[in-house]
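Trainee: Could you take a close look at the side-chain contacts here with me? I'd like to start with the charged pairs and then move on to the rings.

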Amino acid sequence: MNPEPEQIIKEEVAVVVEEKTIVYATIDDLAKIKVCIGTILSAEFIEGSDKLLKLSVDFGEAAPRQILSGIRTYYPDPAVLVGIQTTFVTNLKPRMMMGLESNGMLYAGGNAGELVLLIPNKPVAPGTPMH
């Protein structure tokens with residue numbers, strides 16, 4: 001007795017799902033990325049964008065950095081971010097978005113539809129590196 005076509009398709013899909021390839025990073029790859037704790041000084045909407053927020057972040061440098069982040073849908077009131085310390089990638093090449101330059105990237109996580117900020121368990125100096 002031959003299996004039904006629907007059963008064959010289900011079996012093929014299961015095989016494809018199991019064949020995901022993991023792309024491994026080396027320790028040298030990881031060493032290239034600089035992740036630091038920054039303190040968010042201000043957070044505001046960007047006119048014309050329904051995804052981006054403009055953050056001013058203190059990393060203990062001469063001046064705060066402007067970082068644009070696609071987290072607007074998670075923060076209808078961006079003021080709640082002010083004062084929070086969280087993780088940022090600080091050595092990315094500057095990037096223009098919506099006519100503004102972003103000088104880093106918020107380093108956060110979460111599954112579809114959620115966002116989780118990585119927050120230190122005690123206050124630390126802005127610019128503290130992550131290891």
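Mentor: Let's start with the term: a salt bridge is a side-chain nitrogen of Lys or Arg within 4 Å of a carboxyl oxygen of Asp or Glu. Keep in mind that this is a predicted model. By that rule, the structure holds two salt bridges.

One of them joins the side chains of lysine 54 and glutamate 44, at 3.3 Å from N to O. Lysine 54 sits in strand S2 and glutamate 44 in strand S1 (residues 35-45), so this bridge ties together parts that are 10 residues apart in sequence. Lysine 54 is partly exposed, at 22% relative accessible area, and glutamate 44 is partly exposed too, at 35%.

In the other bridge, glutamate 61 meets arginine 65, with 2.8 Å from N to O. Here glutamate 61 has 39% relative accessibility, so it counts as partly exposed.

Now the rings. You'll find one aromatic pair in the structure: phenylalanine 59 with phenylalanine 88, edge-to-face, 5.4 Å centre to centre and 90° between the planes. This pair links distant parts of the chain, 29 residues apart: phenylalanine 59 is in the loop between strand S2 (53-58) and strand S3 (65-69), while phenylalanine 88 is in strand S4 (residues 85-89). Why do we call phenylalanine 59 buried? Because its relative accessibility is 7%, and buried means under 20%. Phenylalanine 88 is at 0%, so it counts as buried as well.

Notes
Residues are numbered from 1 along each chain as its sequence is written. This is a predicted model: local features need pLDDT of at least 70, side-chain atom pairs count only at pLDDT 80 or more; totals for chains, interfaces and linings use all residues. Side-chain values use heavy atoms; hydrogens and water are left out. Rings of Phe, Tyr and Trp (its six-membered ring) pair if their centres lie within 6.5 Å; planes under 30 degrees apart count as stacked, over 60 as edge-to-face and the rest as tilted. Helices (H or I, at least four residues) and strands (E, at least two) are DSSP runs, numbered from the N terminus. Buried means under 20% relative accessible area, exposed over 50%, partly exposed in between (1.4 Å probe, protein chains only).
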